[in-house]
Amino acid sequence: MAKKKIAENAEQNNRGLTLLGKSRTEYPDTPEKAVIETFDNKYPERDYIITFDCPEFTSLCPVTGQPDFGHITIKYIADKKCVESKALKLYLFSYRNFHSFHEEVVNRVLSDLSKACEPRWMEVTGDFMPRGGISLKIVAETGSLKR
């Protein structure tokens, strides 16, 4: 009886998640084609920081077409919705063949994720590998962080 109730609760919690558990993964080739899925935050009354660490981010230089490599870190305090990690992985993967400046990448990730989950606070950091001897680190945030 308890197992049945747990299974019913899990099914209710996962409604709307279409990417998780698929046997075949389709990789979007642009951020516009990527789907950022969310699920209900079970503790909306609590401020807790969720951190995604993505050390293998790649995109393409919009001028030269050469690959750019970076480390993206996303931190946020959820309100009613949380970002589902597989959907985030596929969304970030969609930049692999996308021509974009680093500043645009970081700010677009912030905008797209903020739109999807409407967090209380979110910070996206892009720490990009050196190009021409200069590395670049961009930090963008929205909302307010109480400390």
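Cys 54 stands opposite Ile 72 in strand β3. The structure is a predicted model, in which local features need pLDDT of at least 70 and side-chain atom pairs count only at pLDDT 80 or more, while totals for chains, interfaces and linings use all residues. Residues are numbered from 1 along each chain as its sequence is written, and side-chain values use heavy atoms, with hydrogens and water left out.

The pair belongs to strands β2 (residues 49–60) and β3 (residues 67–77), which are joined in the antiparallel sense over ten bridges; strands pair if DSSP finds at least two bridges between them. Six residues separate β2 and β3 in a hairpin, and Gly 65 in the turn has a positive phi of about 80°. Strand β3 also pairs with strand β5 (residues 121–131), again in the antiparallel sense, over eight bridges. His 71 has Asp 127 in β5 as its bridge partner.

The chain contains three helices and six strands, in the order α-β-β-β-β-α-α-β-β along the sequence. These elements are DSSP runs numbered from the N terminus: helices are H or I with at least four residues, strands E with at least two. Of the 147 residues, 39% are buried, meaning under 20% relative accessible area with a 1.4 Å probe, protein chains only. Among contacts (heavy atoms within 4.5 Å) between residues at least 6 apart in sequence, 66% join residues at least 24 apart.

Two pockets are compared below. A pocket is an open set of points on a 1 Å grid over the protein atoms alone, where a 1.4 Å probe fits, with protein on both sides within 12 Å along at least five of seven lines; lining residues have an atom within 4 Å of a point. A volume is the space filled by probe spheres set on the points.

| Pocket | Volume | Lining by class |
|---|---|---|
| Largest pocket | about 270 Å³ | six nonpolar, two polar and four charged residues |
| Second largest pocket | about 190 Å³ | seven nonpolar, three polar and three charged residues |

In these classes, Asp, Glu, Lys and Arg count as charged, and Cys, Pro, Leu and Phe are among the nonpolar residues.

Cys 54 is also one of the residues lining the largest pocket, which include Asp 53, Phe 57, Leu 88 and Arg 96. Strand β2 gives the most to this lining, with six residues, and α2 (85–93) supplies at least two.

The second largest pocket is lined by 13 residues, of which Cys 61, Asp 68, His 102, Arg 131 and Leu 136 lie nearest its centre. Helix α3 (102–117) and strands β5 and β6 (134–143) each supply at least two residues of that lining.

Technical notes. Buried means under 20% relative accessible area, exposed over 50%, partly exposed in between (1.4 Å probe, protein chains only).
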